Amino acid sequence: MPTTNTDLIDRYLHAVKFWLPKAQQADIVAEIGEDLQSLVEEREAALGHTLDEDDVAVILKKRGSPLKVASSYLPQQRLINPAMLPVYRLVLKIVLCWVFVPLFAFVFLGPVLAFAHPGEMLLRCLVEYWRAAFMTVGMVTTVFALLDRYQVKFKHADDWNPRKLPRVPGTQDTMTRWNHLAGFIFGFAAAAFWVSLMWQRSEFAFSGGTRLILGPVWKQIYWPVLGLTLTGAFFDLLSSLSPRWTRVRSRVRIGIDVCGLVIVAALLKAGNFVEISGGNFSAADLANKVAWINGMIDWTVIAAGVITIFDAAGATRFLLRGKRAKPAAIPSAM
Amino acid sequence: MHTNTASSELFDNLRLELRRGCLVVAVLAQLYTEHYGYALRKALGDQGLAIDENTLYPLLRRLESQGLLVSQWREEEKRNKRFYRLSPLGEEVLPDLLEEWRQMTAALERILGGRGIASAAECGGPRKEEK
């Protein structure tokens with residue numbers, strides 16, 4: 001064979017070798033080289049003359065690029081086992097949509113609303129948010145990739161009971177789900193509003209120099225109210241994901257209501273919610289205004305307490321009756 | 001144009017899937033007798049089953065790593081060649097695989113025969129149900 005042909009094949013084999021795993025390089029390259037030599041010899045025998053460089057180039061071109069040839073020898077790798085993809089997508093969805101977004105919205109939006117320069121703070125938060133989002137996706141993906149890499153098998157994947165499959169959701173379930181979702185959104189919005197309104201606040205200043213000075217009770221109930229509102233919101237979120245979780249839901253709802261009533265009681269006991277200072281009011285006028293505002297807050301708190309009692313009573317009644325919604329009729333397979 | 005390309009790609013993918021299992025059976029069956037890579041490819045091609053080098057050699061390595069084939073480098077006609085043949089495990093597995101293959105082709109023939117599809121030309125679309 002002419003030197004140029006051997007040179008071309010050698011260069012081709014060298015390029016293939018580059019992409020192969022070290023342990024298999026020599027073996028694979030020797031086999032490809034032998035195959036190419038056999039092919040060249042056969043063509044030369046058929047044509048009755050040696051192949052020139054162009055002919056060999058055509059053969060090599062037909063064989064495919066060195067990268068393509070080498071990749072056909074490499075194991076077909078995947079990051080995540082296709083069998084695990086539905087679980088991976090579900091976990092990502094839960095982490096990103098149901099935990100990550102609300103959590104970060106709370107962590108970041110609160111300071112954004114309370115910060116003196118919300119635009120600057122928002123920009124900073126968005127940068128952090130995306131960094132955290134990429135890290136979260138990366139971590140979830142890494143965990144699933146490792147599960148696939150080490151061939152972790154889920155023992156209970158085949159150990160399932162048809163009787164324990166979740167019921168087909170009926171219209172009532174769908175409505176309950178939306179109700180809870182709405183509860184979560186409103187609860188979360190309420191928490192954000194509470195943070196923006198009351199974060200390290202001791203007074204409200206109005207035009208004309210009038211200042212509404214908050215009583216010390218507001219500072220005392222700031223964190224309990226925030227904690228309770230968020231607990232309720234996240235509980236609604238969980239309930240929207242699992243609307244059939246009724247008995248547990250009732251118990252937790254009663255617990256939240258009891259805590260709410262403790263806060264209501266603390267507010268009512270404190271009584272003196274606000275004072276007014278500044279402004280051009282006479283002493284009597286000022287006293288009337290303070291009494292009116294405190295009275296309004298008093299009635300609002302009482303109303304909130306009554307609603308809470310009704311809510312707790314409903315949950316208690318449900319729990320005592322052991323009421324469960326009737327399962328939806330399963331359509332018969334016709 | 002776009003539809004033609006898409007359907008062509010789809011056909012290529014389906015063809016690839018269809019061939020994948022057939023090639024394993026063909027290669028194992030052919031290696032009842034010892035062959036080196038190039039000769040095996042020629043033998044399969046001569047019998048109507050052309051196989052790309054980039055498919056055959058990785059397949060041979062995979063079957064060898066699964067213990068179905070054994071290989072040996074040996075000099076022939078002044079060149080080192082790698083000869084493959086069925087391993088004892090391959091000889092044990094192949095008859096079962098061929099039986100499975102026969103059952104599948106028989107079932108497929110029945111399905112195609114039952115629908116009156118005797119040739120590719122008749123595969124233009126599903127037949128209308130007879131009243």
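**Salt bridges between the chains**

Mentor: Between chain A and chain B the count is 9 salt bridges. This is a predicted model, where local features need pLDDT of at least 70 and side-chain atom pairs count only at pLDDT 80 or more, while totals for chains, interfaces and linings use all residues. Residues are numbered from 1 along each chain as its sequence is written, chains are lettered from A in the order in which they are written, and side-chain values use heavy atoms, with hydrogens and water left out.

Trainee: Why is the pair B:Arg82 and A:Asp27 called a salt bridge?
Mentor: The term asks for a side-chain nitrogen of Lys or Arg within 4 Å of a carboxyl oxygen of Asp or Glu. For B:Arg82 and A:Asp27 the N to O distance is 2.6 Å, so the pair meets the rule.

Trainee: How do you know that this pair joins two chains?
Mentor: B:Arg82 sits in strand E3 (residues 79-86) of chain B and A:Asp27 in helix H2 (residues 22-47) of chain A, so the pair joins two chains. Helices (H or I, at least four residues) and strands (E, at least two) are DSSP runs, numbered from the N terminus.

Trainee: What makes B:Arg82 buried?
Mentor: Buried means under 20% relative accessible area, exposed over 50%, and partly exposed in between (1.4 Å probe, protein chains only). B:Arg82 has 9%, so it is buried. A:Asp27, at 21%, counts as partly exposed.

Trainee: What makes B:Arg79 and A:Glu41 a salt bridge?
Mentor: Their N to O distance is 2.5 Å. B:Arg79 lies in strand E3 of chain B and A:Glu41 in helix H2 of chain A, so this pair also joins two chains. B:Arg79 is buried at 16%, whereas A:Glu41 is partly exposed at 42%.

Trainee: How many residues does each chain bring to the contact?
Mentor: With contact meaning heavy atoms within 4.5 Å, chain A brings 17 residues and chain B 15 residues.

Trainee: And what is the buried area between chain A and chain B?
Mentor: About 1600 Å², 42% of it on carbon and sulfur atoms. Buried area is the accessible area (1.4 Å probe) that two parts lose on being put together, summed over both.
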